[in-house]
Amino acid sequence: MGYDVIGDVHGCFDELHTLFLALEYRRRQRIYVHPDGRVPVFLGDITDRGPYSVAMIQLVYEMVVKHQKALYIPGNHCNKLYRYFLGNNVQVRHGLETTVDEYRNLPRFEQQSVRKQFMELYEQAPLYLDLHDANAIVAHAGIKEHYIGRHDKKVRSFVLYGDVTGKYDADGRPIRRDWAQHYKGDRWIVYGHTPVMEPRIVHKTINIDTGCVFGNALTAYRLPEEKTVSVSSEQPFAAEKFQCFD
Ligand SMILES: [Mn+2]
């Protein structure tokens, strides 16, 4: 089976459309399908910050739940949106405000349908994916080798938020440990979550969050080919959002 793992979309529906065409998918009614039956994998954070979060929910729901032509795992933004839809008292900031704005501007019947679709998508999603036939694990913020197979609280927090220290830098961003440096496994770990200017390969890990919503690019990682495909972002560039590694 061929997989196309797609980095954090964050509501950048137009760039996703362009990426699907670059990957030779075709639009069939409201979804995208590949003539060779390749499977798109969304690695979380499909909404927030970008212009079309509601359209992203509808598309991913259709592809994953309704037509079962794609796979999806949640990111931290998905987790927060889910808690918002549950009625929990979450802070509507850090990008969630754009999704909530779009949602509140929908007619009531459409609000109900979008909320129901997202909750169903989220509830059916595994925490991370083991793509056996591609020898790869897909997890939103990555995963340590000895966490694979586990689903406890510690692993759950790691795959959603990454290897955070609980401390913040001068700009208020969480300080993270670089878990990828210590990865020694032979399976690919495909992840996103931390925006980088170029796909970042360390051992057999690859970060494909190339910060589309911050004006850089949207990236897919193709397996088993081990090839990245990127398309340019149409969003304004925000250099300060990108992580630099030495
Ligand atoms: Mn994230």
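1. Let's start with Asn207: leaving aside neighbours within four places in sequence, Asn207 is in contact with Tyr191, Gly192, Thr194, Val196, Pro199 and Arg200. Keep in mind as you read that this is a predicted model.

2. Where does Asn207 sit? Its place is in strand E12, residues 205-207. Asn207 has a relative accessible area of 1%, so it counts as buried. Its side chain reaches the backbone oxygen of Thr194 at 2.8 Å.

3. Now to the metal. The manganese ion has Asp45 (OD), Asn76 (OD1), His140 (NE2) and His193 (ND1) as its protein donors, at 2.1 to 2.2 Å. Along the chain, the donors follow the spacing D-x30-N-x63-H-x52-H. His140 lies in the loop between strand E7 (136-138) and helix H6 (153-161), and His193 in the loop between strand E10 (188-191) and strand E11 (200-202), so this pair ties together parts 53 residues apart in sequence.

4. Are these two histidines buried or exposed? His140 is buried, with a relative accessible area of 0%, and His193 is buried too, at 11%.

5. On to the packing. The largest nonpolar core has 49 residues, and Ile6, Leu16, Phe42, Tyr72 and Phe118 have the most contacts inside it. Among the elements that each supply at least two residues of this core are helix H1 (13-22), helix H5 (108-124) and strand E13 (217-223). Helix H2 gives the largest share, nine residues.

6. Tyr72 is worth a look on your screen: beyond its neighbours within four places in sequence, its contacts include Phe42, Val60, Cys78, Phe118 and Pro126. A second, separate core of 17 residues includes Leu43, Ala134, Ala136 and Val190.

Methods:
Residues are numbered from 1 along each chain as its sequence is written. This is a predicted model: local features need pLDDT of at least 70, side-chain atom pairs count only at pLDDT 80 or more; totals for chains, interfaces and linings use all residues. Side-chain values use heavy atoms; hydrogens and water are left out. A nonpolar core is a set of buried Ala, Val, Leu, Ile, Met, Phe, Trp, Tyr and Cys residues joined through side-chain atoms within 4.5 Å. Buried means under 20% relative accessible area, exposed over 50%, partly exposed in between (1.4 Å probe, protein chains only). Helices (H or I, at least four residues) and strands (E, at least two) are DSSP runs, numbered from the N terminus. Contact means heavy atoms within 4.5 Å. A polar contact is a pair of N or O atoms within 3.5 Å; within protein, one must be able to donate a hydrogen and the other to accept it, and residues adjacent in sequence count only if both atoms are side-chain atoms. Donors are N, O and S atoms within 2.8 Å of the metal (3.2 Å for Na, K and Ca); water is not among the atoms, so sites may look incomplete.
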